[in-house]
Amino acid sequence: MTANTLPINELHKVDPVFGQISFDGHEQVVFCHDKDTGLKAIIGIHNTILGPALGGTRMWNYTNEWEALNDVLRLSRGMSFKSSISGLNLGGGKAVIIGDAKTQKNPELMRRFGEFVHSLSGKYYTAEDVGMETKDMDIVREVTPYVTGVSEAIGGSGNPSPITAYGVYMGMKAAAKYQFGTDNLNGKSVLVQGIGHVGEVLVEHLTNEGAIVTISDINEDRLHQVGSKYGAKIFTGDNLYASEVDIYAPCALGATINDDTIKMIKAKVIAGAANNQLANEVVHGQILKDKGILYAPDFLINAGGVINVYSELAKLSKAEVMQKTENIYNTSLDIFNLAETNDISTHHAALLIAQKRIDDKKLELQQK
Ligand code: NAD
């Protein structure tokens, strides 16, 4: 159950695909290429025991293909656990498109990508992730039904990010309850790193409740826009991780909790939207525990988005989506208690619960 990663520059030292630590029993990895559109994509299907693999498509300008492969493997594995712990009948999958979403994304490329998704006959359903928007999924829908997160106008559930943000907010409140004795975030200082689709809505919930919010982003324009809209402070120092805050909310990309940053973190709670926040889930999960920092497992508290897109397949009402997302609060408290009882990290506790549901289903299928 380990998915720690080697530094990107050392990934070539192990076998290219099956040898990657993050490969971790993937059922299928599909490399997609199209000369005409320049599409280079990788689809990872980690596990389909609970249902079809569902997970978004990320478009990112990766430094090299190793980085892209490592990212898709880590992300699709995370989806297996996210859907499992959320009680969804879905497996785990994810896709990455290698390229700059701002300059290289176009309808032809998205359609071609959709055709590759279609060729998997429903074993993998896609949706949006970083670098993708609802309108991109609408284009994919032109060539395949195996896509979620499409516009409400064409029968979809729309942008999943606000529901994701709500789930993160619920997980953060549960963590505050456990760590500080109250889930009221009024007066609590929160650092939100990355104020994109999810981060901004999280800032809105937090400022509405009276939290003292500091924001950081590499996009200066957004910083000023979001800062003035919600009255959030803009981070100005040179060491974000050493910030004297109650709560750190990673909402940009993964692996921000790593060998370098973990020594500096002063927050007493970590609860954010980013996938794969722990660079090494075993080592860093344990260090956080030892330091007395309560970590709300990412795949547990950022599940609102997948719950929302799942509603398209399972025909859930908006009220059912909200109820399932709100339940992240209770599940988080259960996980924190389980971790304490068993003297294990919160990440480990969440993985155990998620893996158990998959194992039980596998047994049930074998006995049929
Ligand atoms: P987004 O692309 O809209 O926002 C990401 C933001 O992070 C951008 O504003 C970007 O400029 C900023 N950023 C990138 N690198 C940064 C850095 N080093 N420091 C500070 N800011 C940085 O993405 P999103 O949809 O808001 O998703 C955020 C995270 O949450 C991602 O890791 C994503 O995988 C995860 N997530 C999103 C959803 C969803 O519903 N959108 C669901 C589950 C998980």
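Reader: Why is D24 called partly exposed?

Author: The model is a predicted one, and in it D24 has a relative accessibility of 25%. Buried means under 20% and exposed means over 50%, with partly exposed in between, so D24 counts as partly exposed. This residue lies in the segment before strand 1 (28-34).

Reader: What is noted about the phi of D24?

Author: D24 is not a glycine, although its phi is positive, at about 35 degrees. S121 is another residue other than glycine with a positive phi, here near 55 degrees, and S121 sits in the loop between helix 3 (107-118) and strand 6 (124-125).

Reader: What makes S121 exposed?

Author: The relative accessible area of S121 is 56%, and exposed means over 50%, so S121 is exposed.

Reader: How do you know whether S151 is buried or exposed?

Author: S151 has a relative accessibility of 18%, and the limit for buried is under 20%, so S151 counts as buried. Its place is in the loop between helix 4 (134-141) and helix 5 (161-180). Leaving out residues up to four places away in sequence, S151 touches T134, D138, G156 and G158. S151 and A165 are 14 residues apart in sequence, and their C-alpha atoms are 19 Å apart in space.

Reader: What makes T325 buried, and which residues is T325 in contact with?

Author: The relative accessible area of T325 is 0%, which is to be set against the limit of under 20%, and T325 is therefore buried. T325 is found in helix 11 (residues 318-326), and, apart from neighbours within four places in sequence, T325 is in contact with I163, Y166, G167, M170, G304 and I307.

Reader: Why is the aromatic pair of Y166 and Y169 called tilted?

Author: The structure holds six aromatic pairs, and one of them is formed by Y166 and Y169, with 6.3 Å from centre to centre and 50 degrees between the planes. Rings pair if their centres lie within 6.5 Å, while planes under 30 degrees apart count as stacked and over 60 as edge-to-face, with the rest as tilted; the pair of Y166 and Y169 is tilted. Y166 and Y169 are three residues apart in helix 5, so about one helical turn separates them. Both of these tyrosines are buried.

Reader: How do you know that the rings of Y241 and Y248 are edge-to-face?

Author: The ring centres of Y241 and Y248 are 5.9 Å apart and the planes stand at 85 degrees, so this pair is edge-to-face, the label used for angles over 60. Y241 and Y248 are buried.

Reader: What makes helix 6 and helix 7 roughly parallel?

Author: The axes of helix 6 (residues 197-208) and helix 7 (residues 220-230) come within 10 Å and cross at roughly 25 degrees. Angles under 35 degrees count as roughly parallel, and helix 6 and helix 7 are therefore roughly parallel to each other. The crossing in which helix 6 passes helix 7 is right-handed. On the side of helix 6, E200, V203, E204 and T207 take part, and they meet R222, V226, K229 and Y230 in helix 7. By class, this contact of helix 6 with helix 7 has four charged residues, three nonpolar and one polar.

Reader: Why is helix 5 called oblique to helix 12?

Author: The axes of helix 5 and helix 12 (residues 328-342) come within 8 Å and cross at roughly 40 degrees. Roughly parallel needs an angle under 35 degrees and roughly perpendicular one of 65 to 115, so helix 5 is oblique to helix 12. Helix 5 passes helix 12 in a right-handed crossing. Among the residues that make the contact are G167, M170, A174 and Y178 of helix 5 and Y329, L333, F336 and E340 of helix 12. Sorted by class, the contact of helix 5 with helix 12 has eight nonpolar, four polar and three charged residues.

Reader: What makes V282 partly exposed?

Author: V282, found in helix 8 (residues 281-290), has a relative accessible area of 42%. That value falls between the limits of 20% and 50%, so V282 is partly exposed. V282 and H348 are 66 residues apart in sequence, and 7.5 Å apart in space from C-alpha to C-alpha.

Notes
Residues numbered from 1 in each chain as written. Predicted model: local features only at pLDDT ≥ 70, side-chain atom pairs only at ≥ 80, totals over all residues. Heavy atoms only, no water. Axes fitted to C-alpha atoms, helices over the stretch in contact; angles between N-to-C directions. Helix = DSSP H or I, 4+ residues; strand = E, 2+ residues; numbered from the N terminus. Parallel < 35°, antiparallel > 145°, perpendicular 65-115°, else oblique. Left-handed = near helix turned anticlockwise from the far one by under 90°. Contact = heavy atoms within 4.5 Å. Nonpolar A, V, L, I, M, F, W, Y, C, P; charged D, E, K, R; others polar. Buried < 20%, exposed > 50% of the residue type's maximum accessible area, 1.4 Å probe, protein only.
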